[in-house]
Amino acid sequence: MEKTLVILKPGCISRGLIGEIVSRFEKKGLRLAGMKMIQLNDAVLNEHYAHLKDKSFFTRIKNGMMVTPVVVCCWEGIDVIRVVHDMAGKTNGRDAIPGTIRGDYSVSVQENIVHTSDSPEAAEKEIKRFFLESELYAYQLPYLHSLYCSDELE
Ligand code: ADP
(Lines give C-alpha, C1' and ligand atoms only; values in the text may rest on other atoms or scores of the structure.)
Protein backbone atom coordinates (compact mmCIF):
# COMPACT_ATOMS: atom_id res chain seq x y z
CA MET A 1 0.00 0.00 0.00
CA GLU A 2 1.01 3.59 -0.54
CA LYS A 3 2.17 6.00 2.14
CA THR A 4 1.91 9.78 2.25
CA LEU A 5 3.10 12.62 4.47
CA VAL A 6 0.85 15.10 6.25
CA ILE A 7 2.10 18.07 8.28
CA LEU A 8 -0.32 19.63 10.73
CA LYS A 9 0.85 23.23 10.40
CA PRO A 10 1.29 25.76 13.26
CA GLY A 11 -2.18 27.21 12.57
CA CYS A 12 -3.67 23.78 13.23
CA ILE A 13 -1.70 23.41 16.47
CA SER A 14 -2.51 26.96 17.68
CA ARG A 15 -6.22 26.59 17.00
CA GLY A 16 -6.48 23.28 18.85
CA LEU A 17 -7.44 21.32 15.74
CA ILE A 18 -4.95 18.43 15.94
CA GLY A 19 -7.55 15.92 17.13
CA GLU A 20 -10.16 17.00 14.61
CA ILE A 21 -7.84 16.77 11.63
CA VAL A 22 -6.26 13.46 12.68
CA SER A 23 -9.77 12.12 13.26
CA ARG A 24 -10.74 12.89 9.65
CA PHE A 25 -7.98 10.65 8.34
CA GLU A 26 -8.79 7.93 10.88
CA LYS A 27 -12.49 8.00 10.01
CA LYS A 28 -11.67 7.84 6.31
CA GLY A 29 -10.08 4.44 6.99
CA LEU A 30 -6.38 5.26 6.68
CA ARG A 31 -3.71 3.59 8.77
CA LEU A 32 -1.44 5.82 10.84
CA ALA A 33 2.08 4.49 10.22
CA GLY A 34 3.90 7.21 12.18
CA MET A 35 3.31 10.47 14.01
CA LYS A 36 5.46 12.91 16.00
CA MET A 37 5.74 16.57 17.04
CA ILE A 38 8.81 18.41 15.77
CA GLN A 39 10.09 21.97 15.55
CA LEU A 40 10.88 22.87 11.93
CA ASN A 41 13.91 25.04 11.12
CA ASP A 42 15.10 27.13 8.21
CA ALA A 43 17.28 24.38 6.72
CA VAL A 44 14.52 21.76 6.46
CA LEU A 45 12.03 24.36 5.20
CA ASN A 46 14.46 25.49 2.47
CA GLU A 47 14.40 21.87 1.29
CA HIS A 48 10.69 21.27 1.80
CA TYR A 49 9.58 24.47 0.05
CA ALA A 50 12.45 24.63 -2.51
CA HIS A 51 9.87 24.92 -5.33
CA LEU A 52 8.78 28.29 -3.85
CA LYS A 53 12.23 29.79 -3.22
CA ASP A 54 11.81 32.58 -5.81
CA LYS A 55 8.40 33.68 -4.51
CA SER A 56 8.06 36.97 -2.66
CA PHE A 57 6.36 35.16 0.24
CA PHE A 58 9.06 32.48 0.68
CA THR A 59 10.50 33.89 3.93
CA ARG A 60 7.01 34.56 5.29
CA ILE A 61 5.78 31.01 4.75
CA LYS A 62 8.95 29.60 6.31
CA ASN A 63 8.51 31.87 9.34
CA GLY A 64 4.85 30.84 9.57
CA MET A 65 5.89 27.17 9.70
CA MET A 66 8.18 27.83 12.69
CA VAL A 67 5.73 29.70 14.95
CA THR A 68 4.96 26.53 16.93
CA PRO A 69 6.08 22.92 16.56
CA VAL A 70 4.20 20.94 13.92
CA VAL A 71 2.85 17.39 13.92
CA VAL A 72 4.10 15.18 11.10
CA CYS A 73 2.07 12.09 10.24
CA CYS A 74 2.54 9.25 7.79
CA TRP A 75 -0.73 7.70 6.58
CA GLU A 76 -1.13 4.49 4.60
CA GLY A 77 -3.84 3.20 2.30
CA ILE A 78 -4.64 2.34 -1.31
CA ASP A 79 -4.07 5.46 -3.48
CA VAL A 80 -3.51 7.35 -0.23
CA ILE A 81 -1.43 10.14 -1.81
CA ARG A 82 -4.30 11.25 -4.03
CA VAL A 83 -6.94 10.54 -1.39
CA VAL A 84 -5.23 12.68 1.27
CA HIS A 85 -4.30 15.48 -1.15
CA ASP A 86 -7.96 15.66 -2.24
CA MET A 87 -9.09 15.66 1.41
CA ALA A 88 -6.89 18.74 2.01
CA GLY A 89 -8.45 20.68 -0.87
CA LYS A 90 -7.16 23.65 -2.84
CA THR A 91 -4.22 25.66 -1.46
CA ASN A 92 -6.30 28.76 -0.78
CA GLY A 93 -8.84 28.05 1.95
CA ARG A 94 -11.24 30.52 0.32
CA ASP A 95 -11.21 28.48 -2.91
CA ALA A 96 -11.24 25.04 -1.27
CA ILE A 97 -14.64 23.40 -1.42
CA PRO A 98 -16.60 22.78 1.79
CA GLY A 99 -16.03 19.24 3.01
CA THR A 100 -12.28 19.46 2.40
CA ILE A 101 -10.02 20.27 5.35
CA ARG A 102 -9.00 23.65 3.98
CA GLY A 103 -12.56 24.30 2.81
CA ASP A 104 -13.84 23.71 6.33
CA TYR A 105 -11.08 25.21 8.49
CA SER A 106 -9.19 27.86 6.49
CA VAL A 107 -9.88 31.29 5.02
CA SER A 108 -6.29 31.93 3.90
CA VAL A 109 -3.88 31.05 1.10
CA GLN A 110 -1.00 30.70 3.58
CA GLU A 111 -2.68 29.64 6.84
CA ASN A 112 -4.19 26.50 5.40
CA ILE A 113 -3.92 23.93 8.25
CA VAL A 114 -2.17 21.04 6.52
CA HIS A 115 0.56 20.10 4.09
CA THR A 116 -0.01 16.91 2.10
CA SER A 117 2.32 15.24 -0.43
CA ASP A 118 1.13 15.88 -4.00
CA SER A 119 2.75 12.98 -5.92
CA PRO A 120 4.41 9.59 -5.31
CA GLU A 121 7.85 11.19 -5.85
CA ALA A 122 7.10 13.93 -3.32
CA ALA A 123 5.65 11.45 -0.80
CA GLU A 124 8.76 9.27 -0.93
CA LYS A 125 11.10 12.25 -0.45
CA GLU A 126 8.98 13.91 2.23
CA ILE A 127 8.50 10.76 4.33
CA LYS A 128 12.30 10.28 4.31
CA ARG A 129 12.78 13.94 5.17
CA PHE A 130 10.72 13.71 8.36
CA PHE A 131 10.83 10.06 9.50
CA LEU A 132 13.51 7.50 10.24
CA GLU A 133 12.52 4.02 9.05
CA SER A 134 12.39 2.92 12.69
CA GLU A 135 9.68 5.56 13.36
CA LEU A 136 7.26 3.99 10.87
CA TYR A 137 5.24 1.03 12.15
CA ALA A 138 3.91 -1.88 10.08
CA TYR A 139 1.06 -3.10 12.32
CA GLN A 140 -2.16 -4.14 10.58
CA LEU A 141 -5.62 -2.71 11.05
CA PRO A 142 -7.78 -5.62 12.29
CA TYR A 143 -10.78 -4.35 10.32
CA LEU A 144 -8.97 -4.04 6.96
CA HIS A 145 -11.59 -6.31 5.32
CA SER A 146 -14.31 -3.87 6.30
CA LEU A 147 -12.40 -1.06 4.57
CA TYR A 148 -11.59 -2.73 1.25
CA CYS A 149 -12.99 -5.59 -0.84
CA SER A 150 -10.82 -8.69 -1.35
CA ASP A 151 -9.83 -7.70 -4.93
CA GLU A 152 -8.52 -4.39 -3.69
CA LEU A 153 -6.34 -6.12 -1.11
CA GLU A 154 -4.70 -8.57 -3.55
P1 ADP B 1 0.08 23.19 -1.43
O2 ADP B 1 0.42 23.27 0.04
O3 ADP B 1 -1.40 23.32 -1.67
O4 ADP B 1 0.67 21.97 -2.10
P5 ADP B 1 2.18 24.91 -2.58
O6 ADP B 1 3.15 23.79 -2.54
O7 ADP B 1 2.04 25.69 -3.85
O8 ADP B 1 0.70 24.48 -2.15
O9 ADP B 1 2.57 25.97 -1.46
C10 ADP B 1 3.07 25.55 -0.22
C11 ADP B 1 2.48 26.43 0.87
O12 ADP B 1 2.93 27.77 0.69
C13 ADP B 1 0.94 26.53 0.83
O14 ADP B 1 0.32 25.43 1.48
C15 ADP B 1 0.71 27.84 1.55
O16 ADP B 1 0.82 27.68 2.96
C17 ADP B 1 1.89 28.68 1.05
N18 ADP B 1 1.51 29.48 -0.14
C19 ADP B 1 1.32 29.04 -1.41
N20 ADP B 1 0.99 30.06 -2.23
C21 ADP B 1 0.96 31.18 -1.47
C22 ADP B 1 0.68 32.56 -1.70
N23 ADP B 1 0.36 33.00 -2.92
N24 ADP B 1 0.75 33.42 -0.66
C25 ADP B 1 1.09 32.98 0.58
N26 ADP B 1 1.37 31.70 0.88
C27 ADP B 1 1.30 30.80 -0.12
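# Pockets, helices and backbone of a predicted model

The lining of the largest pocket is made up of 10 nonpolar, 12 polar and nine charged residues. In this division Ala, Val, Leu, Ile, Met, Phe, Trp, Tyr, Cys and Pro count as nonpolar, Asp, Glu, Lys and Arg as charged, and the others, Gly among them, as polar. The structure is a predicted model, in which local features need pLDDT of at least 70 and side-chain atom pairs count only at pLDDT 80 or more, while totals for chains, interfaces and linings use all residues. Residues are numbered from 1 along each chain as its sequence is written, and side-chain values use heavy atoms, with hydrogens and water left out.

## The two pockets

A pocket is found on a 1 Å grid over the protein atoms alone: it is an open set of points where a 1.4 Å probe fits, with protein on both sides within 12 Å along at least five of seven lines, and lining residues have an atom within 4 Å of a point. Grid points are joined across faces, edges and corners, and the volume is the space filled by probe spheres set on the points.

The largest pocket holds about 630 Å³ of space. Its lining consists of 31 residues, and those nearest its centre are Lys9, Tyr49, His51, Leu52 and His115. At least two lining residues come from each of α1 (10-14), α3 (42-48), α4 (58-64), β4 (114-116) and α7 (120-130); such helices (H or I, at least four residues) and strands (E, at least two) are DSSP runs numbered from the N terminus. The largest share of this lining, four residues, is supplied by α7.

The second largest pocket has a volume of about 150 Å³. Met1, Arg31, Glu76, Tyr139 and Gln140 are the closest to its centre among the 14 residues that line it. Strand β3 (70-77) and helix α8 (144-147) each contribute at least two residues to the lining of the second largest pocket. That lining divides into eight nonpolar, three polar and three charged residues.

## The chain as a whole

The protein chain contains nine helices and four strands. Read from the N terminus, its elements follow the order β-α-α-β-α-α-β-α-α-β-α-α-α. The radius of gyration of the chain is 15 Å, close to the 15 Å that the globule rule gives for 154 residues, so the chain is as compact as a globular protein of that length. This radius is taken over C-alpha atoms, and the globule rule is 2.2 Å times the number of residues to the power 0.38. The C-alpha trace spans about 50 × 35 × 25 Å along its principal axes.

Of the 154 residues, 48% count as buried; buried means under 20% relative accessible area, exposed over 50%, and partly exposed in between (1.4 Å probe, protein chains only). Among contacts (heavy atoms within 4.5 Å) with a separation of 6 or more, 75% join residues 24 or more positions apart.

Which residues of α7 are buried? They are Ala122, Ala123, Glu126, Ile127 and Phe130. An α-helix has 3.6 residues a turn, so residues three or four places apart point the same way. The buried residues of α7 pack against β1 (2-8), β2 (31-38), α3, β3, α5 (80-88) and β4. On the other side of α7, Glu121, Glu124, Lys125 and Lys128 are exposed.

In helix α2 (residues 18-28), the buried residues are Ile21, Val22, Ser23 and Phe25. Gly29 follows α2 and has a positive phi, near 110°.

Most residues other than glycine have a negative phi, and most peptide bonds are trans. Asp79 is not a glycine, yet its phi is positive, about 55°; Asp79 lies in the loop between β3 and α5. Ile113, likewise a residue other than glycine, has a positive phi near 75° and is found in the loop between α6 (101-105) and β4.

Gly34 belongs to strand β2. Apart from its neighbours within four places in sequence, Gly34 is in contact with Val72, Cys73, Cys74, Phe131, Glu135 and Leu136. Gly34 and Ser134 are 100 residues apart in sequence and 9.5 Å apart in space, C-alpha to C-alpha. Pro120 is found in helix α7. The C-alpha atoms of Pro120 and Cys12, 108 residues apart along the chain, are separated by 25 Å.

| Residue | Relative accessible area | Class |
|---|---|---|
| Gly34 | 5% | buried |
| Asp79 | 37% | partly exposed |
| Ile113 | 2% | buried |
| Pro120 | 47% | partly exposed |
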